[in-house]
Amino acid sequence: MALLQIEHLHKRFGALAATDNLSLQINQGELHALIGPNGAGKTTLISLLSGSLQPDSGLIKFHGRNFLQVPETIRPRLGLVRSFQITSVFPEFSALENVTLVLQSQQGHSFRFWKVARNDFELRSKAKEYLKQVGLDRESEIPAYALAHGQQRQLELAMALALEPKLLLLDEPMAGMGPEESLKVVELLQQLKGKITMLLIEHDMDAVFSVADRVSVLVYGHVIATGTPSEIRENKEVCSAYLGEHEIPVAN
Amino acid sequence: MKKLLQTLLGTLVLGLGLANAGFTQEPVKIGMVTTLSTGGGYLGQDVRDGFLLAVEEEDGKLGGVPVEVLVEDDGRNPVNGRQIVKRFLDRDRISILTGVIFSNISPVVAPMALKDGIFYISPNSAPSTFAGKECHENYFVVSWQNDTLHEAAGMGATELGYKKALLLAPNYQAGKDALAGFKRFFKGEVIDEIYVKLGQNDYAAEIARIRAAKPEMVFQFLPGGMGINFLKQYSQAGLMKDSAMVVSGFSADIKILNAIGDAGSGIISTSQWNHDLDNAANQQFLLGFRSKFEREPTLYASQGYDTAKLIASALKATGGKVLEDKAGFREALKTAKFASVRGNFRFASNQHPIHDLYIREVVKKNGQMQNRILRKVATDHQDAYVQECGLR
Amino acid sequence: MILLIEQLLNGLQFGVFLFLVSAGLTLIFGIMGVINLAHGSLYMVGAYATAIGMQWTGSFWWGLLMALPAAAFTGWLVELVIIRQLYRRDHLDQVLATFGLILFLNELTTICFGRAPLFLSLPETLSISVEILPGLLYPLYRLLIIGTGLLLAFFLYLLISHTRAGMLLRAGTTHREMVEALGVNLTLLNTGLFVLGALLAGFAGALAGPLISVEVGMGENVLILCFVCIVIGGLGSIRGALFGALLIGMVDTLGRAFLASGLRLILPLDFADSIGAALSSMSVYLLMALVLIFRPQGILPVLGRVR
Amino acid sequence: MMVSENFEARLMLGVGILLIGFPWFADWLDEPYLVSTASRIWIYALAAMSLNLLVGFAGLVSFGHSAYVGVGAYVVGILAWHQYEETNFLGLPGTLEGFISIPFAMIVSGIVALGIGALCLRTRGIYFIMITLAFAQMLFYFFVSLEQYGGDDGLMMMDGRNKIPGLDLGEDRQMYWLSLVALGLATWFLRRLSMSRFGMVLHALRQNETRLKAIGVPPYPYMLVAFVIAGALAGLSGALLTNHMEFVSPDFLHWTRSGDLLIMVILGGIGTWTGPILGAIVFLLLEEFLPLLFQEIGLYLFSEHWRLVFGPLLIGIVLFAKGGLHALVFKQMKGVDGAFAN
């Protein structure tokens, strides 16, 4: 069953067609990876899905509902959540405050002017659980700007998870991480698999081919192939268009 | 650079003068809050210099009584003005407050002084409220009531036989008061009134309207730089020969004439004072001012000088008692026994001047633009608000 | 009809004049990202230099010629000492530092030249009016301003769209890092640009001298209006500045010319005059607010701008 | 971060309580006029504090904040004028009662801020700076043309300051205490506000607006509410200013006043608690006493032309003193933490 359906999506920036007649379907519960060379339009697609960009034409359906008219700030509440390629947290807040803010936004509006927010212990303990889930529980009081790069990426993930997504758009969650940290994230993705539907953009092919249920290949703004990791690995068109002479990784 | 040195020396001389003053008797403290910075700064400068000239003539005394004059700049900002006066009253314990130039400062500081029980003597600004309903026994004006020179312009225009006038002023209170004052005494027809934005620079649009309306004369009250800009552009547009220009003295002081040059030729203006008034006090004033400051005094300088002379006469009468003998000092001020540079001078019951008014014409003499008195348009003129005042 | 044409010419003249000051402001903002509140002071320097030059030589033309090096030199000095430190700062710092600069320059001018406005007259040959249409006399000097202004606008257009420096300027507005990566000496380019802006502002000041009073504080009056022009036109764009300046010139002039008399048709006389004057003094700000609400990037913004 | 902020709060409370005694101190110095100077400082500090809510917390640089100060000031002035003239304003009588006119001033300023903010907040960055300036200029010219209420000359409170039961505002000390208490209450309120859920959103907004949207929080309504709160507090400061001066004029709304408020915030330290107060103190003391200082030490040129020193001083602070006076004062006290007292 399709959770997200994208049909004939177009987006141009001047002369450049960043998204060109793109159609894609993501099924309930799967971990769908999106790969493609730099400039293929992966981040543009994420922005179109999250609502920070408006497409020129085409259709986005989420849960069978037309999503084009849904404002950017409403989409997360309906379960469509993104993480950012370039780390995007609230740098002056502590890790805990970052996640607490997300949880606070989950509980409806924030027009509460008097009660001190950090004394809301229920919210805080819930936030701590998310930090624990990504392995940041010991860093919870450190301001985000003082965290190591990998830790900031983990925080980013915790914030996305705290939004209780139905579909999680992950824009290169392992970018700039060391091998050890990457491994942690892969483990986390394995854990989440099946519970949350995910669209993963990642350059680390080892990771992609080890965790993904299905893979789509994006070139020049449209999808040239979709299939299981093994189908993609054997696809001639993909080999010539994208993978080129590179060796295709073998799944372990 | 010369200016720079002058400023330096000027202030030094002032400092020494004050230091000398304190020997024999505790000096009478006079607070002068005036406008020295911003575009209107030269008004305050002239009031101050005129006043200090009179003090210097007596070597730091007025009427034989040593005085200490505290001068501060309000920057034309009522908030600053208030702070300065507060300091004058609480710390310096002044007996007389003077110096205020602009009508947005006087309503703030005058009540403070009056409430405190000291004397307020205005060398320039005189809004109508204080001439009428709000007049006060310790409030004196040496210059004129704000409307006076505009009223004189109305009389002058009538006397010169103009029938069709167009009026121009900024869209604010003083501008509207000016036009009202003119209309009070003008017997001809007012064909149009134009209000402009306060601080406007370019008058092309208004000048085009004037050209189209073809008035016999234009009366305008555009203070400071606004008036200079307007006059220059008016003359460049070649309108001076079609429609005469009648203004109140503020718009044709010597500074403004210097700034507009030949464009000023033929402007008719009104004043209670001019340099060619032939009386001994005026001769002495002109001689002293020119030699000390090496420039021509404006009417503001004459008002500053008159203010000091009035205070001198009262100090002399009471032997230097001001707050110790308020009634005596007040009476002495009221009789105004001093030789004003404008000649004929006495106080009306609201303690604003009764004096003569003149119309003047701008002419070029020895390569310099200057005002020449045409004729007297009013003798013993007093303001329109005196009836509303409860003082007798 | 004649009146309308005359008022349109007045609007055009005012607009062209505003453009001269705005051009530098918008370029400096566009490429350096600096809001320079002290730009009006450069205009003041131009006017003062002309007045002083005229007092020395007795000729308006020499005065005019003196304005250019004076403004350029002041501009260079200001860029070197202050503006250069502000490139990477946020707008708030820029606003405050240049605000401080205004205080300083104004006070310095007061000390050097006094508070009384300076006298600056037109040469005889220019202080006449010419009949451009039957019955329409128009001051020659104002025509001259229109002509020079439009000519300068054209030169600026050529400079920016047809020279290498202009190309770098355009590229720098949108892709600063790229230009830097090409090994272009951006510091030199910035200084050059700043001096160019100062020259234009100084020239405008010189032109304005004979029309308006040369006094301390004259810069701030024109500055705020110029900001309105460039914001309406689209920040960083010369075309936008020209468009904005002409629009403001027209709106302001026509508002003053016809608003009050128009309102008299529907309102009682006194009331119409007050409302008319109030509305016409608010009109340009009203226009700016409207433009920003409906087209926040201005009417003719720089295309493809990333900042 | 928490510990040091609490320390700062306790320090402020302590100093605030000490300041209640300032009038007696001024008496002891035999300089009673200082009480009036100090009242003015607290009133401006309140305005700077409200501006700091926008600039320092929400990251919105408003260049037209004096407009709301001016509106509040005019409400008090106009009500007092109608009381004096015994006329009606829109069918309502004027009043001199402080507990009516001061809250009313806050409400009107808040409403004006709501209208202007609703439009301005559609823009960001430099455009926001400019559009707030544009609206402030409109209001400035509006009050200049408001002939009935004195136009450019402004409006006096003929019957003196507002009446508040149990207080005699005509007495400078009581005016001082009212100003100090108003500042204290506003600071306390803003502090609570900043720590509430609403405050968290504002802080987040300044740091990363894109991210805030991505977690499902629409920034606009929060910014608007902050704008209204800041406007209402500015209105309170305006209402007090009219009372202090017994006078109001369009000069209160001039664009350079907005600049002054911004300078106070920056000078003191943007986004800090003591910053705007320190900024107001230093700015106003410099403005008032720099000319006197130069006179005392014999530099007469500078005493008349003190801006010649003040201008470069301002530039120097912007260029070299990051974090303003707050950083200067608290860095030593707090060590490393102080650099991050947001």
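## A buried face on helix H5 of chain D

In this predicted model, the buried residues (under 20% relative accessible area with a 1.4 Å probe, protein chains only) of helix H5 of chain D are Gly98(D), Ser101(D), Ile102(D), Ala105(D), Ser109(D), Gly110(D), Ala113(D), Ile116(D), Gly117(D) and Cys120(D). These buried residues of H5(D) pack against helix H4 (66–85), helix H6 (125–144) and helix H10 (219–245) of chain D. An α-helix has 3.6 residues a turn, so residues three or four places apart point the same way.

H5(D) covers residues 98–120, and its 23 residues reach 32 Å from the first C-alpha to the last, close to the 33 Å expected at 1.5 Å a residue (1.5 Å times one less than the number of residues). Helices here are DSSP runs of H or I with at least four residues, numbered from the N terminus.

## Helix H2 of chain C and its two partners

Two packed helices are described by the angle between their axes and the distance between the axes. The axes, which are lines fitted to C-alpha atoms over the stretch in contact, with angles from 0 to 180 degrees between N-to-C directions, come within 7 Å for H2(C) (residues 39–57) and H8(C) (residues 186–208) and cross at roughly 50 degrees.

## Gln151 and the surroundings of chain A

Gln151(A) is found in helix H4 (residues 149–162) of chain A, and at 19% relative accessibility this residue counts as buried. Leaving aside residues up to four places away in sequence, Gln151(A) touches Leu136(A), Glu139(A) and Glu181(A).

Chain A does not touch chain B, the nearest C-alpha atoms of the two being 35 Å apart, and no contact joins chain A and chain C, whose closest C-alpha atoms lie 8 Å apart.

## Basis of the values

Residues are numbered from 1 along each chain as its sequence is written, while chains are lettered from A and ligands numbered from 1 in the order in which they are written. Local features need pLDDT of at least 70 and side-chain atom pairs count only at pLDDT 80 or more, whereas totals for chains, interfaces and linings use all residues, and side-chain values use heavy atoms, with hydrogens and water left out.

Methods:
Helices (H or I, at least four residues) and strands (E, at least two) are DSSP runs, numbered from the N terminus. Buried means under 20% relative accessible area, exposed over 50%, partly exposed in between (1.4 Å probe, protein chains only). Contact means heavy atoms within 4.5 Å.
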